[in-house]
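This briefing is intended for a reader meeting the structure for the first time. Please examine the sequence and the model before turning to the notes.

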Amino acid sequence: MNVTEDELRLLMSRGLNGDAAAHESLLRSLAPVLRSYFGRRVHDAAHEVDDMIQETLIAIHTRRMSYDRARPFMPWAYAIARYKLVDHFRRRGASIAVDELEEWHAAESFEDASAARLDVDRLLSGLPDKQQAVIRSTKIDGASVAETAAKQGMSEADVKVSVHRGLKALAAKAKEQ
């Protein structure tokens, strides 16, 4: 499920107004977004992604009163996620270059993400539904081939072939344009 900035802001606002169901929906909606965020950045400790998601959701919950309703929601949420990511690397004794942090921050601009999502949606719309689904799952949402196969009711080999063919078709389409 792809949620928009407006939907997330509305859920956050309702949650701040005391709507517990909206707050729960907000946190559930954020989990796959955070999985993708951390999955793209933590390659050598993928097993720790769930812990980072949980820590981030807890921080969003406990710091929710610091959210300014007049501002976009996702940059605020990504800032919290970024702190959790830095904490993760510090616990592991890794150093993080300032340039790398700046790249993370720049890539998280919701406006950039929205434009990119529209481009991706436009490109994927020309593919068969099956290829769209497996590419979204594996390449955008960060799910494994096994997770995607189970979710789509396909074999892992079929997922791999569909992703390969879909990406090949996208490359050809991009070359034409």
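The model is predicted: local features need pLDDT of at least 70, side-chain atom pairs count only at pLDDT 80 or more, and totals for chains, interfaces and linings use all residues. Residues are numbered from 1 along each chain as its sequence is written, and side-chain values use heavy atoms, leaving out hydrogens and water.

**Confidence**
- The protein has a mean pLDDT (the predictor's confidence in each residue, from 0 to 100) of 81, and 81% of its residues reach 70 or more.
- Confidence is highest in helix H3 (residues 49–62), at a mean of 93, and lowest in helix H5 (residues 98–107), at 48.
- Helices are DSSP runs (H or I, at least four residues), numbered from the N terminus.

**Packing of H2 and H3**
- Helix H2 (residues 20–41) packs with H3 at an angle of about 140 degrees, their axes being 9 Å apart.
- Axes are lines fitted to C-alpha atoms over the stretch in contact, and angles run from 0 to 180 degrees between N-to-C directions.
- H2 and H3 are therefore oblique to each other, a class left after angles under 35 degrees (roughly parallel), over 145 (roughly antiparallel) and 65 to 115 (roughly perpendicular).
- In contact (heavy atoms within 4.5 Å), residues of H2 including Leu27, Leu30 and Phe38 meet residues of H3 including Met52, Ile53 and Ile60.

**Salt bridges**
- The structure holds 3 salt bridges, each a side-chain nitrogen of Lys or Arg within 4 Å of a carboxyl oxygen of Asp or Glu.
- One of them joins arginine 28 to glutamate 24, with the closest N and O atoms 2.8 Å apart.
- Both arginine 28 and glutamate 24 lie in helix H2, 4 residues apart, about one turn of the helix.

Notes: Helices (H or I, at least four residues) and strands (E, at least two) are DSSP runs, numbered from the N terminus.
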